[in-house]
Amino acid sequence: MSATRAGGGVGGYDRQRELQAFVDTKAGVKGLVDAGVTAVPAIFHHAPDSLPVLQQAAADGDTVAATIPVIDLSCARREEVVRAVKAAAETVGFFLVVNHGVPGGLLAETLAAVRRFNEAPAEAKRPYYFRGNARKVTFNSNFDLFQAPAANWRDTLFCDVAPEPPRPEELPEPVRHVMVEFSGAARELAERLLELLSEALGLARDHLREMGCAEGVGVASNYYPPCPEPHLTLGTSRHTDASFLTVLVQDGMGGLQVLVDGGGGRRGWLDVPPMPGALVINIGDLLQLVSNGKFRSVEHRVLANKSTARVSVAAFCSADVIRSTRVYGPIGDPPLYRSITIHEYLAHFLKKGLDGQLGRHTLDRFLLRQPAPAAT
């Protein structure tokens with residue numbers, strides 16, 4: 001595959017042909033690294049205004065001085081935990097939880113297993129390579145590869161785990177012993193957090209759980225290979241999550257950033273620091289909708305890096321996407337959003353993809369009063 005940097009249709013560059021050539025290898029981004037690529041191929045080049053500012057970050061507003069809240073779930077005073085979760089959900093939309101009850105050994109082994117799968121020979125991964133939703137377990141790069149403005153420097157093993165887990169033989173051998181256990185533990189934690197979030201909304205403790213907000217779990221195991229030119233691309237472009245709640249374990253590499261309000265009308269990127277034993281929690285689009293905008297599903301991204309592969313595993317907790325016919329609408333008046341089904345939301349999310357466009361939140365489509373067009 002060519003490493004040309006020409007734009008689409010310039011100098012003989014055919015983007016669709018390059019994308020298809022990449023897909024045909026069934027080796028993902030790791031395959032490019034294994035082949036010794038020294039320049040980022042053009043299909044991975046992001047627009048300069050979507051990339052991090054490498055110098056004078058504070059002056060240019062690329063980063064902000066703030067911190068991600070850390071919440072200790074073992075606190076004996078439940079009302080304090082509810083207040084902390086409420087404050088985080090209403091502001092930054094992300095928080096770290098400690099003393100959460102998920103064994104540290106399980107988290108470490110989940111990350112190690114995902115790394116072993118991705119660092120196996122390409123021949124061992126190709127049987128799982130598939131683009132589409134017809135399988136419960138798929139390996140590929142960029143679910144929106146052919147529609148996104150630029151590809152991301154990332155490979156993903158995705159498993160549809162709940163409510164009906166895949167058969168053991170459907171899972172790659174390196175992750176077979178941990179994937180279902182990790183997703184189950186993440187789902188239990190999500191249900192505990194949904195109880196706290198229900199109370200934060202002034203509702204009965206079981207309100208959000210009884211709505212089926214964690215009936216379904218999809219696990220995305222992401223592998224970000226070392227990148228020869230990280231200033232040209234991203235590990236994951238800016239996006240919000242297609243979930244009610246996301247539970248994430250990340251390794252020690254860092255690179256996850258959240259777009260937050262920095263005061264004075266400024267917005268900037270805030271690092272989500274790796275913390276041994278902690279889990280990262282973030283509000284998904286569907287929880288922002290049902291909370292009528294009280295809880296925030298905020299944009300986030302992952303930077304590419306040159307030195308070491310990064311691994312993260314995200315459990316997206318949502319409705320049962322196969323059987324759910326429930327209509328989800330805002331709790332509270334006046335409603336900001338119209339009521340929708342999970343299928344209507346996902347159809348829009350998958351069509352939009354991780355396009356990384358400024359000012360285009362996925363939920364904008366469902367606002368009852370559409371925002372004014374951006375000035376040109």
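Helix axes here are lines fitted to C-alpha atoms over the stretch in contact, and angles run from 0 to 180 degrees between N-to-C directions.

## Basis of the model

This is a predicted model: local features need pLDDT of at least 70, side-chain atom pairs count only at pLDDT 80 or more, and totals for chains, interfaces and linings use all residues. Residues are numbered from 1 along each chain as its sequence is written, and side-chain values use heavy atoms, leaving out hydrogens and water.

## Two crossing helices

Helices (H or I, at least four residues) and strands (E, at least two) are DSSP runs, numbered from the N terminus. The axes of α4 (residues 78-90) and α7 (residues 179-200) come within 9 Å. They cross at roughly 85 degrees. That makes α4 roughly perpendicular to α7 (65 to 115 degrees counts as roughly perpendicular).

Contact means heavy atoms within 4.5 Å. From α4, the residues R78, V81, V82, V85, K86 and A89 take part. They meet E195, L196, L197, E199 and A200 of α7.

Buried means under 20% relative accessible area, exposed over 50%, and partly exposed in between (1.4 Å probe, protein chains only). In α1 (residues 15-25), R15, E18, L19, F22 and V23 are buried. Seen down the axis of α1, these residues fall within an arc of 140 degrees, so they line one face of the helix. The arc is that of the directions from the helix axis to the C-beta atoms. The buried residues of α1 pack against α2 (28-34).

Helix α5 (residues 104-118) has 15 residues. From first C-alpha to last, α5 reaches 22 Å, close to the 21 Å expected at 1.5 Å a residue. The expected span is 1.5 Å times one less than the number of residues. Buried in α5 are L106, L107, T110, L111, A113, V114, F117 and N118. They cover an arc of only 160 degrees around the axis, which puts them on the same side of α5.

## Two loop residues

N142 sits in the loop between β3 (137-140) and β4 (155-162). N142 is buried, with a relative accessible area of 1%. Leaving aside residues up to four places away in sequence, N142 touches R131, A151, N152 and R154.

T67 is in the loop between α3 (57-60) and β1 (70-72). T67 is exposed, at 68% relative accessible area. T67 and D271 are 204 residues apart in sequence, yet 7.9 Å apart in space, C-alpha to C-alpha.

## An annotated domain

An unreviewed UniProt entry places the feature "domain: Fe2OG dioxygenase" at residues 213-319. The span is 6% helix and 50% strand. Its end C-alpha atoms lie 5 Å apart.

Notes. UniProt positions renumbered as here; feature names shortened; annotations may be inferred. Parallel < 35°, antiparallel > 145°, perpendicular 65-115°, else oblique.
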